Every structure is written in structure tokens, then in C-alpha cells.
Amino acid sequence: MKLYYKIAALVLSIVIAYISLLYTSFAAMGIIVAFPLFVFKPLRSFIAGFAISFVSSLSIYTLYPLSKVSQLAAILASISGIPSILVILLYPILFSLMTAFSGAMWSEIISAIGKRRKANS
Amino acid sequence: MRPVSFAALIIIIIAISYFSQGIQLLSPANGAWIVIKSSGISSQSFSIKGLERNVTISIDATGMAHIYAYNDHDLFFAQGFYSAYQRLDQMEFQAILASGNLSRYIGKSGLESDKTMLLLGLSRNAYLLQNNLRVNYPSYYALIQDFSDGINSYIHSNYYVTPLVFKLAGIKPFDWSPFYSLVWQEYMSWSLTTGASEPLAYSLLYSSVGPSLTEQLWPYYPYYSENATVIPGDGEVNNFSLSEQGISPSYLWSLDWTQSWATGVNTSLLKQLTPLIRYALSNISDPYMSSFASNFVGSNSWVITSAFSSTKSPMLANDPHLPLYAPSLWLPIQLVDPNFSVAGWELVGEPGVLIGHTSHTAWGLTTPEGNSANVYLEILNGSNYLFDGKWYQMQTVNYSLADGIYRVYYTNNGPVIARYNLDGKEYGISLNWVASRGDSYDLIAEIKLDTSSTYQDMIDALRYWGSPPQNFALVSTDHAGYITAGYYPLINETLPSGKSVQVIGSRSILNGSISKYEPSGLVPFNYLPQATDPERGYMFAPNQPTVWENYPYPFIGGFWASGGRAQAINNYISSKSSFSIQQMMNLQSNITDYWAVQLNKLFLNSLSNMSKTILQQQAYSYLSSWNGEASTDSIGMTVYWYTLSELDNITYGKMYSQYNLTNLPMPFTSTTLYLAINQPNSTIFAGSFENSVRTAFISAVSLLEKSLGSNVSKWQWGNVHLLQIQSYSALSELSLGPYPIWGDSHTVSVGGVPEELVIPEPYVRVGSSLRFIASPLTNQFYGVIPGGASGNVLSSYYSNQLQFWLNHQYYDMNNQSIIARWELG
């Protein structure tokens, strides 16, 4: 696969990640975010997916004053009984894992389709 | 990849997907975090539909919003928009609660509250009131509609941010309507209404301990209340009195008003019906809200005439004691357009300013504690009730609730709040409440007050005030006074002497099966308790008796506060030769317990010759050097309070428990004081007040030692007496406190808790919900609330005024810098 395809896939994945994050609240959207990453091999797709989703979701917090994020995290932590840091990181972690595993999945599926086509031809 | 590994991958993805459904709340852009967006206040423009012209909202450093519009429509629309921006979740919760829809939102735990609201008929009353307003006062109704439209405009705008509680509960806002403002009015009205639970409780006590003891414990007028009524004098109003009607006040007040000649109910039957009375008491108490705030609602207000004022300007002070919630029940606001120029506090969810001032007038509210509701004993037979010898079909209203259909029956008197079978005969208790008339045009009165420019304008405005009756403290640039405005139903009574008199309310349950005890009208407006510019130079209304014994319409159903705050206010003001704004503030922050100062002398007398342990001697030393101030660092207050609580426990508590009356309120401290002075050997004190005090003191010291240790210097009042300002959502994370807090139930700056033998005391949850001081002639207006304007816990305006409130400081309402300007258009 040519390099610019790979760069385009990364950019597309980042764009989809931000669209998903800004317009939905479903971590399962990681499946769609991960789709362009099929151009990579499964392990690289996994790593790229995790990195894109983790960084993009964490970056959303910069929209808010950090002191308020910390204040709200403490409130939500007290209500839910989980530590503050986990309140902040839980969604990014799940979104990232979703994207990572989905990336590996898409990569496997596309690679399997490719192999089958090759075998059939 | 092998198929097994691929399948594992799919399973992992499905598992993450499934698990992630539960964490949508934590989505950085669309989860709970978005409430941060509405936590700051900054200048901005809002493009919204529904305004005729541009509106400016300037927000000052205290968080008060100053709304400037070109017409009334835009003014009230913008008020609705701003109120929703700050307090939407609170407003909607209040509406849900009051309309009996709580269980739809919080599940079955809200069912009992819903049944209480539906039984009381709050939403039914609100619908009736809404229709009457729409038909009879369309121009005022239009303003209420404008306010609603403003709220909905916010909900449907791009500026809407889901409040945190809605996010947590997964609730979406519903569209507001005037009905919701009115149903919340009904709720507040009910919470301040006297005449339902009081006669029921009195009946229980009466039927258990008999007339003599009941009258001793709960006299018609609390002990020491003479010369401390709201309206000075003997009770005459506008040249009308009992004497004018040929009735001697001393004769009338010497009668036993629980007897069957006064109520139409045989007292022996009443005794047999105690289960029915208990059901009724239980059915009309709101289980949801009573878990937040105990029933210690009261208020303070006083006015100073121009003759007594150091600046020759009439002055007013008001601090309504209501449940202290986070966010507050009040929203600081100023409304300005060609017709309005008013500043003060909106009762959140209601259009206009309920307590506040114009440039020429100011007003405040306290609750008068006289019956505006009555309870009736009904004879029932299935779905029929007996009236004047004939059977009538009861009206039924069905409500669909989560646990099935909830049916409310109505007699001619109102809803049947309890039913009971006795010896094959069915009895019920019905509630006749003035709010069910549907003509309590309180919002019209409020809007008229908001446009008042003279004292007479305010009086005229209050002709529209219905339920609950309120003591209105009024000052203008040249007058000061009071009127107890609202609807007081009258009952025609024939005295044993044969004379007839119209009275307000009843001491106990009235006979509902005959027309004789039905309400025969309302106290005419001109004869409502009222006075202007009294000669002595001041008046005060902290829930004590409204008028003295010669009032033309005797308050038989008057269940007044003990008058401790009234005595403190009276003593303080009367000790001055003139009064200044600073003294108004000093008085509002007074934390001396008037009754404690008197009673502690008797305690010390009783304890002086008692042999004491070292610890008891130390506690006694603090008590003997104590000046009656309930400050947070006072140890004497702690020793006094627990001694008093134990004394109550071994006297009234013992008697109450003997008759299974433990849910009834304990007699006042003033009653204990009176009995201690006049009947120290009473059976209430087991024959000796002195011995009872000694026993109470020993127990109190022992309890304090057990809980706080033997170092007496740690027994400070602030360690056992704490304030918590609780979120209506019941989430402690959104609450404020606990804070060590001064005061008790009888201090002017109130910090009321029940006298319970627990350490620490239950949290103080009722108090001065706002403090207001006004002097229109000198254009001085000061105020503070225990919270802030914002309902967003992340906003600095959630609690920015709290520290000032805790320190008894005030904001100058005229002189604050503007921190943000909103342009609405």
C-alpha cells in the first residue's frame, strides 16, 4: 500500500473520530472510526486505532477549563463510587479499545477478502 | 488469523460495545461534561425567536440579572429565558413534584408523594386558577404566558445545555406552561397553609389528654404574647372589634372552643376516631419533601416608620424562613421596562418579583399562622356523604399511577383525606382549603406590587392576594405598615351566651354533615389585620399572633409561633430612640435566644445547690456564665440545649409516648417557662421542676460526655449544630455544607432544629432563605441569599453569596459592577 493511502487513512480516521466524539456519545462508533485503518496490518491498525481515539477523545477535554473538568470529575466520582481519574479516562479508554479492536478486525476482514480474491483468480 | 482468534476479536468488540452503552454520560463532548459550558457567565448575544425588540440582560458581580426591555411581553419573555438558563432542572422538578408526577421520573419511591399532591388537589386547583385567570384577567395571564414562552424558547434554542441532574437521570425537559407556574404556587401555598394538620394534631392531643391539659400546653395565644402582636393594640381594625359587636373578648377567649357547641362534633366520638385522625395527618404530609426539611418554616419581618427612622425614611427588613436548597428557591433579578422597575427575588418558576422593591416602595412576606383551611368530619356511605340529613353522591377524580388507579373523593367541603369504619358506620375527614376556590390571584398581586409607586398602590395590589394569607410588610417613601392579606374563611358560631360571631377557623375538627359550620364567607378586605405608621414607630411579624383578643373575627384557628423572635425584636427595637440601617442589619443577625435567657436563670437556680461531679461542675460553670447567645463557639448553649431537650423528653415526651403521640410537636419553650414560674409543682414536672431540671442536666452532661468526650471545651455549639443546604435531587455531592451554624429555633437569625437527644443535632435545613433590608426614601437596598443565581454546581454563582450570608453581610443592591452583558434579539 502506498504511503499516501496510509496517511489518508489516518487523516480520515482522525476526522471520523472527531465527528463521532462531537456529535454522538456512543463509544461503539469506534467501529466506524477504525474502518479506514484496514490499510494497515492488524497489529498496526490496532495501535493506530487506539492512539487516534485515545488522543482525540482526551483532546476534547481541552474545550473546557481543566479546573472545571477536575471539579466535575470529583462530583461524578463521588456519585458513581469510582476514582476521579477513571471518570475522565473511562470513555477515552473504551472508545480507544473499541477503535483498536475494530481496526484489527477490519484489517483481518479486508486481508481475508483480498486473499480469497487472489485465490479465486 | 485463525477463525477462533477472529471470533474472539468479534466477541471483545461486542463486549466493549455493550459495556460502553453505560458510559455515554462520560462522553467528553456530549456527556455530563457539557454542563461546564453553562457554568461561566460571559457577555454574549442570543438569537432567539419570540421577542418583539432587543432585550439586554446585565449580570452584576453578585449574580443578579438586570433585564431591560422595551415592553412587558419582552420583559417577561426574557425573564423566562433567563430563569430557564439558570434553573431549568429545579423549575421542572418543582413542577413535577407539585403536579403529582414524581413517580414518572424517579419511580415508585415517588408514589406516596404523588398521592399526597393529588389528594390535596394541587393540580386541580392550578387548572381552575389557570382558567379563571385566562378568562377574567387576560392581560395578566398574557404575562404569565410570556414567561412560559421564554422558558420554552430556551429549551428549544441552540443555547440549551442539559442540566447535570437531567444528564444523570436521563431526563429530557418538558415544555413549560402557565399551569406549571401555578401548580408550584399551589405547592408553596400549601406548605405555608395553617388549618389542616394543626387542628388534627390538636384534636389528637385533646382527645388523649383532655381539655385542661391541652389548653395548658397549647393556649389560644402563646404565653407572653400580649403586647407583641403584629398589629399593635387590642385587635380593633378600622373601628371594628368584638366589643363593637357586643361581645366581651375576655368572655369569648375563656370558652372551650373544642366543645361540641363550637365544632358540632361530640368529643367522645372524637376520641374513638383517633385512627381516622392519624390517617388524615399521615395522608396530607408530603413524604418526599419532609425527608429534606422538617417543619420549621417561619419568617421574620419588621418595619420602622419615618418618625422612628434615623434617616426619616421608612425601613423594612424581611427574611423568610424556608427550606434551604441548593440552588436556592429564590433568583435575584431586576426587571425594567416602561411599566416596570422592580428589583428583588423571583420565586423560581414564577414570573415577576415576589419580594423586592421599586424605586418608591418595598415589601416582604411572613406567614401569619391563622387558619385558611379547615378539616371536617364527614359521615359516608360508600360513594355518598351525608349533608343536612340527605345523602349526596361524592364527586370522584381518577388518576392513573404506576400502581394503578388512584381515586380521590370529594364532598361539598373538598377532598376526603381519610376514611375509617367505626361500629359499622363510615367516617371521613375532608379538607376545605381556600386555594381550591381557584381565585387566588397571587400572581396578579405580585405583578401589581412590582409596578407600585405608593403605599396605597401596594394595598390595592393585595386585594388580589388569596392563598396563603401572608403578613405583608410594606414601606414606601412616606409610610410603613402591615396588612395580613389573603382569604380567611369565616365560620358562624353561636356562643353559649346566645350571641353569634363569625370566627376564623377552629381548634379541632368541625362537623361537615350540617351546614351550620360551613364557611360563610371571607374576612372583608377592610377588616383584615392592618395598620399604618403606628405611633410607637415600628411593627414586626415573625409568625406571632397577628392581632390581640378584641379582633372582630377571632382567630380560633390560630396556631401561632411561640413568639421568642417577636420578643427579641420588640425588645431590641424598643430599646432604641431611633433606628438606622446598620441596626436593621444588627437585628437581623441577632443570635440571642430570648426564651433561653429567661429559662436558663431557672435552670441555674435549680442546679445551684445540687452536688455535682467535676464534669457537671464544669458544664454548670459554662451555663452560669452564658449570656443566651447561640454562637458557634458557645459551650453554654450546648449544655442549655441538651438540658432543655432532656427536660422536654422526661416531661412532654414521656406524656406523648404514653398516648402514642410522639409525632406531635412538643409544646413551646415559652410554655415550659410559664409552667416553671407559675406551676413548678405541676404533674408535667412530676411534682418538681427543680428535680426535673436536675435529672435533665445530669442526663445531658452524660450524653455530651459520651459523644464529645470529657473535655468540656470541645462542647461547642458549632460542633453539634450544623447547617446543610441540600440539593433537591438529594445528591449530597450537589449540596452545600455541612457548616457549623449559629442560632436555634427562637433566635432572630434562625437555626432551628427539633429538640432531639442526638449528637450532633439533625442538620439545620430551614433558615433565612434570603435577607432583605430596604429604605426607599434614601434609596438604600441590601440583600443576600444562602447560595447564588446559578443552578449549575460548577458555576461560581452556585454559592457565591453563601459566605456573605454565613457572615451576616449584605450586598448593596444598587451599587454592583456589571460583569457580563447579554443581548437577546
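This is a predicted model: local features need pLDDT of at least 70, side-chain atom pairs count only at pLDDT 80 or more; totals for chains, interfaces and linings use all residues.
In which sense, parallel or antiparallel, do strand β2 (residues 55–60) of chain B and β32(B) pair, and over how many bridges? The two strands pair in the antiparallel sense, over six bridges.

**Strand pairing at β32(B)**
- Strand β32 of chain B comprises residues 818–824, and strand β1 of chain B comprises residues 44–46.
- β1(B) and β32(B) pair over three bridges in the parallel sense.
- Within that part of the chain, Gln44(B) has Trp822(B) in β32(B) as its bridge partner.
- Leu824(B) in β32(B) stands opposite Val55(B).

**Overall build of chain B**
- Chain B contains 32 strands and 26 helices.
- A compact globule of 825 residues would have a radius of gyration near 28 Å, and the 28 Å of chain B agrees with this.
- The C-alpha trace of chain B spans about 90 × 75 × 70 Å along its principal axes.
- Of its 825 residues, 56% count as buried.
- Taking contacts in chain B between residues at least 6 apart in sequence, 73% join residues at least 24 apart.

**Contact between chains A and B**
- Chain A contributes 30 residues to the contact and chain B contributes 26 residues.
- On the side of chain A that touches chain B, the elements giving two or more residues are α1 (3–23), α3 (42–60), α4 (66–80) and α5 (84–120) of chain A.
- The most comes from α5(A), which gives eleven residues to that side.
- By class, this side of chain A has 22 nonpolar, six polar and two charged residues.

Terms used
Residues are numbered from 1 along each chain as its sequence is written. Chains are lettered from A and ligands numbered from 1 in the order in which they are written. Two strands pair if DSSP finds at least two bridges between them. Helices (H or I, at least four residues) and strands (E, at least two) are DSSP runs, numbered from the N terminus. Two residues are in contact if their C-beta atoms, placed from the backbone, lie within 7 Å. Ala, Val, Leu, Ile, Met, Phe, Trp, Tyr, Cys and Pro count as nonpolar, Asp, Glu, Lys and Arg as charged, and the others, Gly among them, as polar. The radius of gyration is taken over C-alpha atoms; the globule rule is 2.2 Å times the number of residues to the power 0.38. A residue is buried if 20 or more other C-beta atoms lie within 10 Å of its own, exposed if 12 or fewer, and partly exposed in between; C-beta atoms are placed from the backbone.
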